[in-house]
Structures are given as C-alpha cells and as structure tokens.
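Reader: I have a structure open and would like to go through it. Can you take my questions as they come?

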Amino acid sequence: MRFSIYRYNPETDKAPYMQDVELTEIRPDMMLLDALRELKKNDETLSFRFSCGEGVCGSDALNINGRNGLSCITPLSSLAEPIQVRPLPGMPVIRDLVVDLTQFYKHYRSIEPYLIVHDPVPEEEFLQTPEQREKLDGLYECILCGACSTACPSFWWNPELFRGPAALLQSYRFLADSRDQATADRLQALEGPYRLFRCHTIMNCAEVCPKGLNPTRAIGEIKKLLLKHII
Amino acid sequence: MSHANYGIAKHRFDTLVIGAGGGGLRAALQLAQAEATVAVVSKVFPTRSHTVAAQGGMNAALANVSPDNWHWHMYDTVKGSDYLGDQDAIEYMCRAASRLVIELEHMGVPFSRLDNGKIYQRPFGGQSQNFGGAQAARTCAAADRTGHAILHSLYQQNIRAKTHFFDEFFAVDLLLDDEGYVLGALVLEIETGEPLIIEAKTTLLATGGVGQLFRTNTNAAINTGDGMGMALRAGIPVQDMEFFQFHPTGIAGKGMLMSEGARGEGGYLINKDGERFMERYAPQAKDLASRDVVSRAIATEVREGRGCGEKGDYVLLKLDHLDPEVIMKRLPGIRDMAMTFAHVDPIDKPIPVFPTAHYTMGGIPTDRFGQVVVPVNQGAAEPVPGLYAVGECACVSVHGANRLGGNSLLDIVVFGRAAGNKITEYLGESRYHRPMGRQYVDKALGHLARWDKRGKGESVGALRDALQRTMEHYCGVFRIENVLAEGLAKVLEIEKRLEDVRLQDHSKIFNTARIEALELENLVSLAVATVTSALARQESRGAHTRIDYPDRDDERWLKHTLFYREGRRLDYKPVTTKPLTVDSFPPKPRVY
C-alpha cells in the first residue's frame, strides 16, 4: 500500500516535504495507526502522537486524504491510494505529524469548562431528570482531538479570536447542564463579533467529528440563548 | 525557573505529581485547594491519560437501585481480592466511596440518571447484597464512558484551581539524596528534548499500569509502567506483580475492552454450542462472577474445544436479546467500538471476545495514605520520605489478587485524595526543600545519555514485540512451573539484549523514538518482576492460576510478594487482615 506522508524535522529540514513510502505487509482490518506504527518500525524518525488506539483519548487526529480524522479508527480499506497523511491543518507543525495545539487548548480553558454552582451544594447528588441529563448527550463525549476546530475556515482565519467549534461545544455542554448556574456569565463572555459569531455554519466541524458530535448545532443553540439573554 | 544547576533548567514546587490520570489529578486538586504549589508532569496531554478509557463505572454503596451499604461492598472487595487485599485499606476505600462519588457529581461529572433524578447504578461482577446474597447494583455510571466523564471533570477542576501542568514531559528518574529522601525527578521535555529538574518536597507517582507487557491488551500505548520502573531503579520494590488481571471480554484478537457493564445490563457469554456456560462455573452469579473466574472459564471453554469461529479461539458476548434502546442509551461506546473493530452491531449479533490483559493489581507498595512504604532491615515497613504513589501504579493493596470491576475508578479518587491530604500534612512539617546535590542528578543524566550511543543494534520496536509475545505466551491466564521458568529465561535474555539496542534517531525535537526506548526499559524491568514473582508463588489465587498448584494455600501464601531489582530478590510481607473498625473477613473458599 502506498502512502504519502508529510515530513518535517526542524533540526534537519529546510522545508516540509511529502515522503512516498510503501508498506507491503497489510493485514486485513488494519487501521491507519497500525500502518503508521509499522512504518515507524522501519524508520523510527517518523513522529506522530497516539495512545488508546480505540478513539477515546483524542491523541491521533490527522489530516487523512484531505479530511480530518483519528488514525486509530480509520480503516486502511476506506482510503484511496496513495494515502495522503498530513498534520492537522492550520496549526504550527512541531515535527512531522505533530502539531502545536496550544492555541486550541487556550480557547478550551477560556470558556471556563467546569460546572459553576453558586448555591451551597446539597449533601447528596444534585438531582437531574433523565431528560435533563439527555441534553448533555452529544456534548460531553468530546475528546478534544482538535479535528473540528482545525477543519474550520473561520478558525483558520481568526485562530486567536474565534473560540472554535470544540471550545464552543464545551461551552454549550455547561450551558445545557441543569446544574450549572453561570448561564449569564458564560453568554456574556461570548458576546462580540468574533468569539462565537465567527461561526458561519460551514459545518466542517460536524462533518469530521470522529465521535459524531455536532458543534454547529451547539453553536446555534448558544446563539439562540444569547439572543434570548439580550432581549 | 533558574539555571543554577549545571545548565539544566530547574523548577521548584511543594509537590510534583507524575501522571495526569484520575489519581494524579484528584491528588493535585486536593493539594491546590490546600494552597500547595503543585506541578503535574504528564507524558501526554492530561485528557489523553488512560483513565479516559474506563467504561463501566465506579462502585459506591449509594443504594440508589438496590439496598446496599459500604460493609457489603467491603466484603465483596475482600472476597474478590481472594483475601490478599489489605482489609484496613479496603474498609477505608469502601467507606469513603459514597461521599467521593457525590463529590464528583458536584464537580460536574455527567452521571446517567434514574427516573427520580439520582445517579444511575448498574450491577457489576462480584457484587452482592448482605455478604454474598443477591446481586447488588453498585456501579455508578455515565453511560459506558464513566472514565472519560470523570477524567475530563477532574482536569476541568484543575484548570479552575490553576494547577501547573507540564504537558508532554516524560519523567526519567526519581532524584534521591544520600539519606533516601526523594527530592523530585529528572524529566524530559518531549517537544525540545531538553532535560529539566523538578525539585519538590514531595513527589507523587500516579503513572498507571503496565498493560503493554502483553501483546493483546485493553490498554493504551502509554501504559508502560513508568512510575514502577522509576521506583525499581531507585531501589524500591514492587509488590504482587504476579497478579495481572485478564479482562474476560476484550474483542477477540484485538483487545479493545467490552465493558463488564455489557453483562451488567443483561448480556451473557455463550460457547459454540450456544450454551450459557457461566452457569456451570458460577451457578449463582453466572456471568457476573469475578473477572478472574470468568476469564478462566472462557479460556477453559476454548482449551476444551468449545470455542467459536474457524479456529475455535473465542467465545461470544451476546447482547442481541436486549432492548436496542438499552444498548444505545447505556452502552453506546462499546456498540461503536464493536462496529469499528469487530464489524458487528451488538444489537443484531454477538461480539467475539477473549480474555485480554487489562489491569496491574501489583505495584509500588503503599499504605492507605498513599505513602510508599518499604520494610527496613527485615523489620516493619516504613515510609520512603517524600515519596507517594496512587492508582494503578500503586499497590495499597485494595485489589489483592483480583480487582473487582468498578473498583479502579474508586481507588484512584479515594487514594488520590488521601495522598493529597497526607502530603499537605507533610508539607506543614517540612518547610524547606532539602539540598539538591549534583551527584543525585548525575545518575539520572547518565541513564538518559545511554540512549545517545550510536551504531548498529537491535531496534526498540523489535525488542518490544519480542517482550510482549514472550509475556503472552509464558505468563498468561494459565501458568505452570516449567513454562514460567522458560519464560523467565527468555525475559532475562531480552533484558540482556536491551543493552545492545540503539536508537537511529538522535534528534532532539519531539523524538518519540527516544521516549519509546525509555518506556521499553520500564517494561523490561517489570516483565522480569512479574515472571519472577509468578514463578515463586506456588499456589492459585485470584488472577494467578498455577495448573501445578491448583488450590489457594493460605498457610504458605497468604502474604504479599516484594520484588527488588537488585539481584532479583524476593521478599514477603504479611497481609493486613485487620480492618479499621469492623471484624475481619477470614479467608473462606471462594464460590460465586
């Protein structure tokens, strides 16, 4: 199977380049991550992140044949050759397929991604009906892999100002939580032309999310809440 | 940050936490709240830690679904441990459980809910009401993504607490002074390849287990036992390493975990004849017997020719009789995974499964405060000053010879918090950092420099493959003297070959080959510890099954193993059978 892999080692390479490599022993059912690990056995300089191997840790988001996804749950059989493997778009490349996600994490931290409760907490659990809890489905499952934000043109254009789909999905995860008491503050922090409103519903985020989540929808919900809040 | 020491950057904190899974993050949170300065060093971004992969849930006797109390939970845990668990620590854990689940819920963990708004609990293996009676439902769950939910919430709380994170820094070695005080660690910044000293009055190891010892495992690639390896190199023993849990239901041939929650929700196992074979092995608990029991049963079915598939090398986990709604609501994650990796939708078809290396019951010996304790001169165990350990890398021991499902998320939260409190106490008594001498750092730098050697040699990847195959073949579910002895010889040969391994990549920036080499050293030292301990223990207890010694032998073996790296020396220490306040649970035959 033929691969074309983005290579860049800042210590030795003047510029990034695409390297053509071939893997001869392909097992049925192999995922892209399995192939990358095999390739690394032949050339240990090839650098990429990975960990759980089953799509829950979010380490190994890459740009695969032009589309963002997790290498560990992308079957080779689903990919046309030569398989183009690049780092996540729009992020500074540290080396090969490893990108610097500092900005991405900064946005995540900025939306205050934790439950805020002002009242004294009860002795037992907060009660939450199954229907209230269901509102968190499709939100809390985010693995922070970065596939969505780095597929978003609005995020490419305003990486410092637009929070990006991942952070906004998490923002809505707390807005939607019946236990959270910081709705007004959360909404206020998203006002202005950039942080939230740079989303132009291009939908790349929902298209690529490896967990099947829909940040565009969450952003739409925040916009609705914000309108209500302003009125 | 200063460069006072020999051109190596140095940071100073009250506490250094190594590892950002649930244990490390819970401890860091406790310390931040006590206003200690805390550095959390993790080789991956915190939410990539392996806690994220825990599925089924966390045990606590909330009694939201079935009558329950902590004492029943304690009994089940002692019995599940095959009486090797320390009953003081088990009582402590089970009593703390309910309060700590509530605390997590208050932090924002999105637990699934019952109609009355309380936390949803599901039945799990080895759980009973009234000391061995009817099945209990004790496992608090956020669908089948409980670890993800807890890890993210704990990380979020640490963001709120402004904990210092050193993301993608690899801990190389502990730094100890001549009196045996732990002064911090030498760590490597992965992005730049630069070593750096983190000085701390207290160091907490929370580095997780060592599932990568085995070829087929449910574990993340990062689970290479780094903290245990560091402890061994510092002269500290590891305890009970022969007890390695094989989870009954990993996807056959691949290893991805299919949560025990699948059986908790009503799934069961069948062999090639369609027989629900667990009824023969555990007439009362059936598919919800302890994990060691179910794993042995599956392995036996396959050995005796009742396995499924062309090669007869797996059994089936049947869920297709359940309401699809239950699968989609309660088990969405494993449904996804089964479809991705086994090409089976469990709503329609059963999933091929086989026992898969899952959890390290053994680890760095600690007391119930998270202090690392080591026997001194054949005497009682004493704390190693400044060193703490929690979670899978530690051995308290609350899991003994076999961990109950749902007790590992509990373990990390309970002992993460306890260690945080104990460290706070120690910090109150120890105002100043002890002097850091150059000589303490030199050894660790020498260790790191070993990988600068150039030339031809075996590769890290090839030797790791050899190690994993050896462990799987010679030290799996069923063990026997001559096979273990052969396995030990093989592992020692691998240890020898490790000296001749050379890196081809000597670059500095994000050199993952170097990290994998350092991980391989840890894996090899733990493989030696595991096989040596397994060969010595001439009995069957919990997860350690010796065909040549099929019975538990409390007279000779109701004791913890300690393995020291130097001379591969073994030592033993008694099990604490006396709980804190209640009567002891004396060893009994273990039937489910």
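Reader: How many residue pairs are in polar contact across the interface of chain A and chain B?
Author: The rule finds 38, with both residues at pLDDT 80 or more. A polar contact is a pair of N or O atoms within 3.5 Å; within protein, one must be able to donate a hydrogen and the other to accept it, and residues adjacent in sequence count only if both atoms are side-chain atoms.

Reader: Where do the pLDDT limits come from?
Author: This is a predicted model, where local features need pLDDT of at least 70 and side-chain atom pairs count only at pLDDT 80 or more, while totals for chains, interfaces and linings use all residues. Residues are numbered from 1 along each chain as its sequence is written, chains are lettered from A in the order in which they are written, and side-chain values use heavy atoms, with hydrogens and water left out.

Reader: And how many salt bridges between chain A and chain B?
Author: Nine, a salt bridge being a side-chain nitrogen of Lys or Arg within 4 Å of a carboxyl oxygen of Asp or Glu. One of them joins A:Arg49 to B:Glu168, at 2.6 Å from N to O.

Reader: How many residues are in contact?
Author: Contact (heavy atoms within 4.5 Å) involves 59 residues of chain A and 60 residues of chain B.

Reader: New topic. Is B:Thr530 buried or exposed?
Author: B:Thr530 has a relative accessible area of 0%, so it is buried (under 20%; exposed is over 50%, partly exposed in between, with a 1.4 Å probe and protein chains only).

Reader: What does B:Thr530 touch?
Author: Leaving out residues up to four places away in sequence, B:Thr530 touches B:Leu213, B:Met241, B:Glu242, B:Met471 and B:Cys475.
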